[in-house]
Amino acid sequence: MQISTATFVNSSVQPKKALNPPKPTFAFIGRSNVGKSSLINSLLGRKKLAKTSSKPGKTQLINYFLVNKAWYLVDLPGYGWAKVSKAKRDQFQKTIANYLLYNPSLVTSFLLIDSRHTPQNIDLEFIQWLGSHQIPFSIVFTKTDKLSKRQVEKNQTALQQIMHKTWESLPVFFQTSAIKHQGGDEILTYIANYI
Ligand code: GTP
Ligand code: MG
């Protein structure tokens with residue numbers, strides 16, 4: 001899919017039922033600092049559309065982007081950011097959960113996971129939560145430029161093996177690097193199948 005236009009629509013703390021007019025919506029979720037905003041910029045070919053930071057907790061609101069005047073891409077706050085108060089963490093969690101549970105326009109979500117790590121409990125718990133609420137998602141490994149292809153494969157296989165224990169079929173997996181602009185075309189092609 002070619003990106004001809006990509007514009008920031010608005011930010012909101014409250015998950016809106018749907019933007020007006022409603023259009024197919026795709027959300028990016030994952031731990032703080034995993035690279036959500038960077039991947040969105042890489043996908044859309046815009047350097048600074050979504051604000052990024054080396055410090056976790058940059059994205060604190062639900063940010064909506066309108067792409068090709070046809071679909072929305074949503075940048076959500078990250079979960080599991082240790083350096084904020086529990087109250088704020090709970091609020092982020094609630095924002096993310098409400099958004100994913102009560103959004104009729106949401107087609108599917110992309111759960112981003114840092115490819116450098118072996119499976120982390122916080123991600124596994126989030127995967128189980130998505131499954132228990134039947135929220136469709138695929139998994140995107142990020143920052144693959146930081147390690148060898150073999151190590152990325154190893155960490156992906158480890159996650160798939162754990163998921164196999166409780167999941168009948170596994171979601172689609174993508175491997176990406178926002179810095180090297182890799183893996184984005186596959187995600188855009190996947191999105192194009194839904195719109
Ligand atoms: P929050 O908004 O805090 O939840 O974070 P985020 O998930 O949006 O992460 P963000 O895109 O702001 O990136 C966090 C840090 O990781 C920044 O320092 C980025 O430059 C870096 N980063 C993101 N993607 C990549 C990547 O593909 N490769 C490398 N090497 N660094 C990356
Ligand atoms: Mg962000």
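Ala, Val, Leu, Ile, Met, Phe, Trp, Tyr, Cys and Pro are classed here as nonpolar, Asp, Glu, Lys and Arg as charged, and the others, Gly among them, as polar. The model is predicted, so that local features need pLDDT of at least 70 and side-chain atom pairs count only at pLDDT 80 or more, whereas totals for chains, interfaces and linings use all residues. Residues are numbered from 1 along each chain as its sequence is written, chains are lettered from A and ligands numbered from 1 in the order in which they are written, and side-chain values use heavy atoms, with hydrogens and water left out.

**View 1. The shell around ligand 1.** Four nonpolar, twelve polar and six charged residues make up this shell. Of the 22 residues around the ligand, Lys36, Ser38, Gly57, Asp145 and Ala178 come nearest; a residue is near if one of its heavy atoms lies within 4 Å of the molecule.

**View 2. Polar contacts of ligand 1 with Val34, Lys143 and Ile179.** A polar contact is a pair of N or O atoms within 3.5 Å. A polar side-chain atom of Lys143 lies 3.0 Å from a ligand oxygen atom, and a backbone N or O atom of Val34 is placed 3.3 Å from an oxygen atom of ligand 1. For Ile179, a polar backbone atom is 3.5 Å from a ligand oxygen atom. The protein buries 88% of the 650 Å² that ligand 1 exposes when taken alone (Shrake-Rupley method, 1.4 Å probe).

**View 3. The salt bridge between Arg116 and Asp114.** A salt bridge places a side-chain nitrogen of Lys or Arg within 4 Å of a carboxyl oxygen of Asp or Glu; the structure holds two. In this pair, the closest N and O atoms are 2.7 Å apart. Asp114 is buried, at 9% relative accessible area, while Arg116 is partly exposed, at 35% (buried, under 20%; exposed, over 50%; partly exposed, in between; 1.4 Å probe, protein chains only).

Methods:
Polar contact = N/O pair within 3.5 Å; in protein donor to acceptor, adjacent residues only side chain to side chain.
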